[in-house]
Amino acid sequence: GDAAAKVRLAAAISPRRSLTGEVLAPLHEPTAEAFTAGVVSAQAAEVVTSTVDALPACVLQEAHSAVEDVLLDFAKSHDPQTLARHATRLATALDQDGALADHERVERRRTVEFRRFPDGSGVLVVQLTAQAAEHVETVFDTLAQPAPAQDGTRDPRTPGQRRHDALLAALKLAI
């Protein structure tokens, strides 16, 4: 574990090279500068880089350098264990319920798979985002209600069959 942390730190604060050989700045330039100057320890630098890397992308777009600067400033006068607790509190404050990370994970995992069988039927497997799930649920709530016959007998379809028929009706409307 310790060796892996050192390798991650080296990758985060060492200069990089492009495919053409051009020297690029480290991924965490402020941390690299503080570490090289001896202002922060390797353990503190690892806490800073791992905390920043674990934040959701939408937080990093707006506050990447600010988060790193706040943690580095704190690291200058505190031990790595206290820094780690402070970093956890800061990350929690930026994404209080973890919803941002969950949202990004769901966005990455969204998918639709469709397979046809020789008889013409098929299987649809879907991993939905929250927005897509809301729309599907609205379609099902609207179109998959039991439809009793004229004489009052119950709808013989199962809930799954009603949802299938609702999806088919929605697709026909869309086309």
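**Close-up views of a predicted model**

By class, the residues that line the largest pocket are eight nonpolar, with no polar and no charged residues. The views below all come from a predicted model.

**View 1. The largest pocket holds about 200 Å³ of space.** Its lining is made by Val112, Leu124, Val126, Leu128, Val136, Phe140, Leu167 and Leu171. Which elements give two or more residues to this lining? They are strand β4 (122-127), helix α7 (130-143) and helix α8 (159-174). No charged residue and no polar residue is part of the lining.

**View 2. Ala170 sits in helix α8.** Which residues does Ala170 contact, once its neighbours within four places in sequence are left aside? The partners are Val139 and Leu143. Thr111 gives a distance to compare by eye. Ala170 and Thr111 are 59 residues apart in sequence. In space, their C-alpha atoms are 19 Å apart.

**View 3. Helix α3 (residues 42-54) packs with helix α5 (residues 80-94).** The angle between these helices is about 10°, and their axes are 9 Å apart. Angles under 35 degrees count as roughly parallel, so α3 is roughly parallel to α5. From α3, the contact uses Gln43, Ala44, Val47, Val48 and Thr51. From α5, Pro80, Gln81, Leu83, Ala84, Ala87 and Ala91 take part. By class, this contact of α3 with α5 has eight nonpolar and three polar residues.

**View 4. Helix α1 (residues 2-13) crosses α3 at roughly 70°.** The two axes come within 10 Å. Are α1 and α3 roughly parallel or roughly perpendicular to each other? Angles of 65 to 115 degrees count as roughly perpendicular, and α1 and α3 are therefore roughly perpendicular. On the α1 side, the contact is made by Ala5, Arg8, Leu9, Ala12 and Ile13. On the α3 side, Ala42, Ala45, Glu46 and Thr49 make the contact. By class, the contact of α1 with α3 has six nonpolar residues, one polar residue and two charged residues.

View 5. From the N terminus on, the elements run α-β-β-α-α-α-α-α-β-β-α-α. What box do the C-alpha atoms fill, taken along the principal axes? The box is roughly 85 × 40 × 30 Å. The radius of gyration of the chain is 26 Å. A compact globule of 175 residues would have a radius of gyration near 16 Å.

Key: Residues are numbered from 1 along each chain as its sequence is written. This is a predicted model: local features need pLDDT of at least 70, side-chain atom pairs count only at pLDDT 80 or more; totals for chains, interfaces and linings use all residues. Side-chain values use heavy atoms; hydrogens and water are left out. Axes are lines fitted to C-alpha atoms, for helices over the stretch in contact, and angles run from 0 to 180 degrees between N-to-C directions. Helices (H or I, at least four residues) and strands (E, at least two) are DSSP runs, numbered from the N terminus. Angles under 35 degrees count as roughly parallel, over 145 as roughly antiparallel, 65 to 115 as roughly perpendicular and the rest as oblique. Contact means heavy atoms within 4.5 Å. Ala, Val, Leu, Ile, Met, Phe, Trp, Tyr, Cys and Pro count as nonpolar, Asp, Glu, Lys and Arg as charged, and the others, Gly among them, as polar. On a 1 Å grid over the protein atoms alone, a cavity is a set of points where a 1.4 Å probe fits but cannot get out, and a pocket is an open set with protein on both sides within 12 Å along at least five of seven lines; lining residues have an atom within 4 Å of a point. Grid points are joined across faces, edges and corners, and a volume is the space filled by probe spheres set on the points. The radius of gyration is taken over C-alpha atoms; the globule rule is 2.2 Å times the number of residues to the power 0.38.
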